[in-house]
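Let's walk through this one together, from the overall layout down to single residues. Keep the viewer open as you read.

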Amino acid sequence: MWREAVYLDTKLGRYPRIPYYLVFDEKGRLAGPLGRANPRGLLADGSVHNFYEWSNDASAEVKKGWIMKGDTLEELVAKITQDPQSEGLMESAVLQQTIDEYNGYCAAGHDPQFGRPANWLKPLGTPPYYAMKMLPGGMSTHGGPKRNTRSQVIDAFGKPIPRLYAAGELGSIYYFQPSAGSTLGEALAFGRIAGRNAAAESIRRAA
Ligand SMILES: Cc1cc2nc3c(=O)[nH]c(=O)nc-3n(C[C@H](O)[C@H](O)[C@H](O)COP(=O)(O)OP(=O)(O)OC[C@H]3O[C@@H](n4cnc5c(N)ncnc54)[C@H](O)[C@@H]3O)c2cc1C
């Protein structure tokens with residue numbers, strides 16, 4: 001899902017799927033909290049550190065304005081298009097067609113488009129309708145200059161740039177993929193390599 005969301009259209013030079021909108025109906029709203037506290041945030045005493053606790057029926061989030069509400073799909077689309085980030089691209093007819101197709105998959109108990117399991121397929125059709133703006137998040141950035149095994153930053157031709165070192169996520173060796181769980185090890189290992197090699201450089205004194 002994350003990879004689909006961050007698809008980059010290289011011709012247009014933009015991310016056409018950011019943001020996207022999670023659309024659900026009244027039954028969906030009442031089915032339970034939309035988000036959950038991340039269990040990784042559990043502290044030793046069992047409490048959850050600084051994570052938002054979602055209301056069971058999304059009423060608190062509708063009130064906060066995080067979730068848009070419309071009595072009809074047209075009304076919902078009108079609210080979505082007011083969001084400047086939507087760039088006016090959401091159209092009622094297209095949304096209706098998408099929902100009709102999806103409801104067809106629900107009736108058939110088979111989703112040929114995304115392969116969702118049959119027990120996930122709940123049809124939409126009970127107003128009011130809701131939409132929540134979705135933006136992908138990530139815990140690793142990984143951009144930056146390339147470096148070699150000595151942690152030296154290399155130029156466009158693979159040659160080390162004298163006296164310049166990098167470590168951690170800046171030019172991470174995992175630049176080609178999301179790498180949760182491995183970057184701290186890299187930061188420690190290449191931080192040490194970079195520090196050792198930088199410390200071994202001769203001292204330059206101002207003339
Ligand atoms: C929620 C979350 C969970 C994660 N879980 C894991 C995990 O389980 N395992 C794992 O391996 N990795 C995990 N990571 C990734 C890991 O934390 C990072 O890869 C790692 O901390 C990167 O280290 P770094 O030294 O490269 O950068 P950072 O830790 O980001 O350090 C950069 C430092 O530079 C400072 N800085 C920025 N700009 C300037 C400036 N202009 N002047 C001076 N200082 C500046 C910043 O304040 C910061 O202190 C997680 C990340 C997040 C956000």
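This is a predicted model: local features need pLDDT of at least 70, side-chain atom pairs count only at pLDDT 80 or more; totals for chains, interfaces and linings use all residues.

The protein splits into two domains, with domain 1 covering 2–134 and domain 2 covering 138–207. Taken over C-alpha atoms, the centres of domain 1 and domain 2 sit 39 Å apart.

If you count secondary structure, you get 6 helices and 5 strands. Reading from the N terminus, the order is α-β-α-α-β-α-α-β-β-β-α. So how spread out is the protein, going by its radius of gyration? That radius is 24 Å, while the globule rule gives 17 Å for 207 residues, so the protein is more spread out than a compact globule. The box around the C-alpha atoms, taken along the principal axes, comes to roughly 75 × 50 × 35 Å.

Of the 207 residues, 10% count as buried. Now take the contacts with a separation of 6 or more: 49% of them are between residues 24 or more positions apart.

Next, zoom in on a pair of helices. Two packed helices are described by the angle between their axes and the distance between the axes. Here the pair is α4 (residues 73–82) and α5 (residues 92–108), whose axes come within 9 Å and cross at roughly 125 degrees. An angle from 65 to 115 degrees would count as roughly perpendicular and one over 145 as roughly antiparallel, and α4 and α5 are therefore oblique to each other. As for handedness, α4 passes α5 in a right-handed crossing. To see where they touch, select Leu-73, Glu-74 and Val-77 on the α4 side, which meet Ser-92, Leu-95 and Gln-96 in α5.

Most residues other than glycine have a negative phi, and most peptide bonds are trans. Which peptide bonds are cis here? One joins Ile-18 and Pro-19, with omega at about -5 degrees. Pro-19 belongs to the loop between α1 (2–5) and β1 (20–25). Another cis bond runs from Pro-127 to Pro-128, with omega near -5 degrees. Pro-128 is in the loop between α5 and β3 (129–134).

Glu-87 is not a glycine, yet its phi is positive, about 50 degrees. You'll find Glu-87 in the loop between α4 and α5, the helix pair that crosses at roughly 125 degrees. Ser-151 is not a glycine either, and its phi is positive too, about 70 degrees. This serine sits in the loop between β3 and β4 (152–154).

Are these two residues buried or exposed? Glu-87 has 11 other C-beta atoms within 10 Å, so it is exposed. Ser-151 has 22 other C-beta atoms within 10 Å, so it is buried. The cut-offs behind those calls are 20 or more for buried and 12 or fewer for exposed.

Ala-194 has 20 C-beta neighbours inside 10 Å, so it counts as buried. Which residues does Ala-194 contact once you leave aside its neighbours within four places in sequence? They are Ser-151, Tyr-165, Ala-166 and Ala-167. Of these, Tyr-165 is 29 residues from Ala-194 in sequence, but C-alpha to C-alpha the two are 5.8 Å apart in space.

Finally, jump back to Thr-72, in the loop between β2 (67–70) and α4. Thr-72 has 12 C-beta neighbours inside 10 Å, so it counts as exposed. Along the chain, Thr-72 and Tyr-129 are 57 residues apart, while their C-alpha atoms are separated by 6.5 Å.

Methods: Residues are numbered from 1 along each chain as its sequence is written. Domain bounds come from an automatic or database domain assignment. Helices (H or I, at least four residues) and strands (E, at least two) are DSSP runs, numbered from the N terminus. The radius of gyration is taken over C-alpha atoms; the globule rule is 2.2 Å times the number of residues to the power 0.38. Two residues are in contact if their C-beta atoms, placed from the backbone, lie within 7 Å. Axes are lines fitted to C-alpha atoms, for helices over the stretch in contact, and angles run from 0 to 180 degrees between N-to-C directions. Angles under 35 degrees count as roughly parallel, over 145 as roughly antiparallel, 65 to 115 as roughly perpendicular and the rest as oblique. A crossing is left-handed if the near helix is turned anticlockwise from the far one by less than a right angle, and right-handed if clockwise.
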